[in-house]
Amino acid sequence: MDFNLTDEQQLLRDGLAKFLTVRYDLETSRAAAKTGAGWQPDIWRGFATELSILGATLPEQAGGIGGGPVELMVITEALGHALVIEPYIESVVVAGGLLHRAGGPAATAVLKEIVAGTAVAALAAGEADSADRWHDVTTLARPDGDGWLLNGAKAVAMAAPLATHLLVTARTPGVDGISLFLTDSDAAGIEVHPYRTIDDRRAADIAFHDVRLPAQALLGERGRAWPSLSRARDEGAAGICSEAVGCMRKVLADTVEYCKQRKQFGQPIGSFQVLQHRMVDMYMELEQSIAAVYLAILNLDADEAARARAVSAAKATVGRAARFIGQQAVQLHGGMGMTEELAIGHYFKRLTAIQYEFGTTDQHITRYAELTKA
């Protein structure tokens, strides 16, 4: 199997890496995360106008480039390496994928805005007692004249405070299954309660009080949204697994460099064999994660069962590695590893959060076991 990038994919990787090295300063991004809107809109516009990565995996009819899973891997790994907090996976991968598969004028119009960098879309799927289980839905959309009336609440909707549009899952009377609706984030009756997460992202709990939606707000068929939601969940999981690889590459490199410089007993601590063994263990965990991400990425377009097995295998592998590498890096840095001054503490927080997004490590181990029963 050929794991080499094409010339175009290599140019994408090199261009994005150069942009982030020059324009994406960690101290500036952390300051932006803690104040105001919680992100850097100028960076987002740069992603759209200078790099075109917001459309790299989206269809050409929406102004995108029509790339596939490998482009997704290249982009998300680079974003993870730079610890980018802007909502690429939430808006482009998850919401963008849902809009593309739903089709229709309303979805295509929003997709074009996402590609242009003028819109951010976020999925509101989880609810208070089941924020990580998208199929547990009590939010209700009932017919109202020629439109819909939406009532309910969603919890931990990632990137919702930054979004111009929301994709909301709901039940509809008389029809089994889950439906998906598109609405402006500032529509009358929507109450957003934003907050900053432990890894400096933005999320929100959202209440919907008699939100009136037009008929075209329904994306796809009533009650038939789950297959697309399931695929979006797997694509999001594959994306953050790739992001985690970028994070872990940076964490390992910084740890090795620190151990070369930090001295004890008149010599670098990196010369101590017991610490060398720990760094080798970190390297092995990283290599296993890279292989698992390749497996997931190369199976995103496979049939549902193969996709689910590969993604769950990757998420379980990466979840274990993220925990191990993050903890070892902090310990090898000593007390400085948890401070705001060093990048390592910020990466550790992100690696911790990744273990719980799009399903926990334990949930994916369970799903993999169920999918591989004889």
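Biologist: What volume does the second largest cavity have?
Modeller: This is a predicted model, in which local features need pLDDT of at least 70, side-chain atom pairs count only at pLDDT 80 or more, and totals for chains, interfaces and linings use all residues. Residues are numbered from 1 along each chain as its sequence is written, and side-chain values use heavy atoms, without hydrogens and water. A cavity is a set of points on a 1 Å grid over the protein atoms alone where a 1.4 Å probe fits but cannot get out. With volume taken as the space filled by probe spheres set on points joined across faces, edges and corners, the second largest cavity has about 50 Å³.

Biologist: Which elements give two or more residues to the lining of the second largest cavity?
Modeller: The lining (residues with an atom within 4 Å of a point) includes Met73, Glu77, Ser242 and Val245. Arg249, Ile290, Val293 and Tyr294 also line this cavity. In DSSP runs numbered from the N terminus (helices H or I, at least four residues; strands E, at least two), the contributors of two or more residues are H4, H7 and helix H8 (273–298).

Biologist: Which element gives the most to the lining of the largest cavity?
Modeller: The search of the whole structure finds three cavities of 30 Å³ or more, and the largest has a volume of about 90 Å³. Of its 13 lining residues, Glu86, Tyr88, Ile89, Arg201 and Glu243 are the closest to the centre. H4, H5 and H7 each give two or more residues to this lining. The most, three residues, comes from H5.

Biologist: From which element does the largest share of the lining of the largest pocket come?
Modeller: A pocket is an open set with protein on both sides within 12 Å along at least five of seven lines, and the largest one holds about 490 Å³ of space. Its lining has 24 residues, with Asp132, Val156, Met158, Glu357 and Phe358 closest to the centre. Helix H5 (88–102), strand S1 (121–124), strand S3 (147–158) and helix H10 (343–354) each supply at least two lining residues. The largest share, five residues, belongs to S3.

Biologist: Which helices each supply at least two residues of the lining of the second largest pocket?
Modeller: About 350 Å³ of space lies in the second largest pocket. Among the 15 residues lining this pocket, Leu20, Thr21, Ala78, His81 and Ala82 are the closest to its centre. The helices that each supply at least two lining residues are H1 (7–23), H4 (69–81) and H7 (226–261).
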